[in-house]
Amino acid sequence: MEKLDKTPLTVFDLAIQVAVAAATDIPVLAEESADAVRDNANLLREVTALAAQILSDVNLPPVSEEDAVRLLDDGARETGGVENEEHFILDPIDGTAGLLGGRECAVGLALARNGDLVWGAMGLPMTREDGVLVYGARGEGARYEHLHDENVGGELRARSDEHTAGGTVAAASDAEAPLWYPTNDDDDDDDDGGGGGEAPPRIRRICCGSLVRYAAVALGDADFTVLHGEKDPRRELLTWDHAAGIAVAEAAGAIVTDYRGTRVAPMAARGRRFAPHGGIVVATPETHERAVRMASRAPLADGDVRGIALLDRDGTLNVDVGSPGVLTADRLVAIPGARSALVMLEQAQFSTALVTNQSCVGKGLASLSDIRAVNDELARQLAPASFGPVLMATETETVDTRTGLPTRRKPSPRMLHEALVALRAGRRAMHLAFYVGDTMTDMSAAAQAGVMCVLVGTGYGKDVVAIARSSSIPIPCWLVRGDMATNANRLMSTLPNHEVSDDELTLLGIPEEAFPLVLATDIGQASDTMRLFADALDVRLSTADVVVVTKV
């Protein structure tokens, strides 16, 4: 059996999740679902028996097999986004490979409240020989206890003073040297151990999982660690892999941020996935600035990029089937030319992400698993091309009626901003950042996010293209308003410009804030146009500048 991240899934993972969920009335967001036990009676029996044993240790009654299935499925639901929501985030076993090999691993539990992580605890059975329990609350400090003797323990405080004499210690995965580690090839004069100044940090290898590395900083066994920057820094992270570690580390006084220095706890308190800018830096106050500087110098997994292409799904990459949308994978049909369009973008060194509204989930017409299966089918049909990370809004409304705050649903720009963060879009990248979609909602979201609008004539955009053709408007082209045409820059000079009159504006139905926008027949023509823009500017974008710029 495998988890989402392809690591082993054991009966312990499932039983711990059942036991924790049974022990509290607070909702528990967790890693596993009941899929592994639903059609495996023997495994379900084992899981239920082990969960009963765990519950009996704290004088709680056992659960039935039916309840075990329900509790597992409850934990697998999508949670978060509601400001006043309270829920636990559980990783039953982080580092299962370590557990099976008699090496380091952790059980992690965090409490999310009002959109932030407020408490966390981790059990670390192989840390410091016989194991420790670490726990703490934000603003109230943290403690540690020996797992087998609660009288052995004390205050937990992340600090660097004890390492000063021997140099800074960085915790890293039990693998090759991380990409953020300074080398002799570094030619700047930052005090990172490359071109002079302070010696590079000593590396402490840790297996396995992420939570053990948070604990190393909280316990004072390491000064800092960088998580996931040494892999693909554009991917979304799984909340349960980090929530307990973030909460405990912060309670112990560590600083936990992304590569921009922004706290990641609020990101990890909402939903099952989150996208910190580049990766996560966990550091003592004394080393945080240096750790962020080193982390932000890590290259992207596939080298430099020239632009950002954020992509709508229905009507842009796949055939739009009308309301309520593509609910099952067997109804998904990729738009002809979509695969070659993505290949073109990849060859032109554009980073891509999928940004899509899927209110069918919020309406109860499809489950989140159903829509993820649809996305997987789209990825299969478009392979070997890739559309990058996926950001979905499942809300049915644009404003949360309980809080009065905007949801992530387009035309809100929130998902686009999240995508730019996931792709590590820098200030220069924003000069070539586009959102390609087929609706006016897409165009409004793009305009609010501060990226360029590209409207395609597939899906709902076909009516706009038909009107443009009947009016002899060239396609592709820039649609502009007022004096935009006379103030053309290098990008706008790449395509014909058409100044939209007031009458045409009413006919086309394009929101005023979306101008100037590119009109293209389909994703293929849109991709070719973006490639031409990149060639016209002849810009190569490095990852050293990782500041997200948004439209105010």
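## Sheet pairing

In strand 16, Ile 308 has Ser 351 as its bridge partner. Strands here are DSSP runs of E with at least two residues, helices are runs of H or I with at least four residues, and both are numbered from the N terminus. Strand 15 and strand 16 (residues 350-357) run parallel and are joined by five bridges. Two strands count as paired if DSSP finds at least two bridges between them.

The model is predicted: local features need pLDDT of at least 70, side-chain atom pairs count only at pLDDT 80 or more, and totals for chains, interfaces and linings use all residues. Residues are numbered from 1 along each chain as its sequence is written, and side-chain values use heavy atoms, with hydrogens and water left out.

## Salt bridges across the chain

The whole structure holds 18 salt bridges. Each needs a side-chain nitrogen of Lys or Arg within 4 Å of a carboxyl oxygen of Asp or Glu.

Lys 410 forms a salt bridge with Asp 312, with the closest N and O atoms 3.1 Å apart. This pair links distant parts of the chain, 98 residues apart. Lys 410 sits in the loop between strand 17 (390-393) and helix 13 (414-422). Asp 312 sits in the loop between strand 15 (307-311) and helix 10 (338-347). Lys 410 counts as buried at 3% relative accessibility, and Asp 312 counts as buried at 5%. Buried means under 20% relative accessible area, exposed over 50%, and partly exposed in between (1.4 Å probe, protein chains only).

Asp 116, Arg 138, Glu 250 and Arg 263 are linked in a salt-bridge network. Within it, Glu 250 and Arg 138 bring their closest N and O atoms to 3.3 Å. Glu 250 is in helix 7 (residues 243-251). Glu 250 is buried at 14%, while Arg 138 is partly exposed at 42%.

Arg 402 and Asp 400 meet at 3.9 Å, N to O. Arg 402 is exposed at 62%; Asp 400 is buried at 13%.
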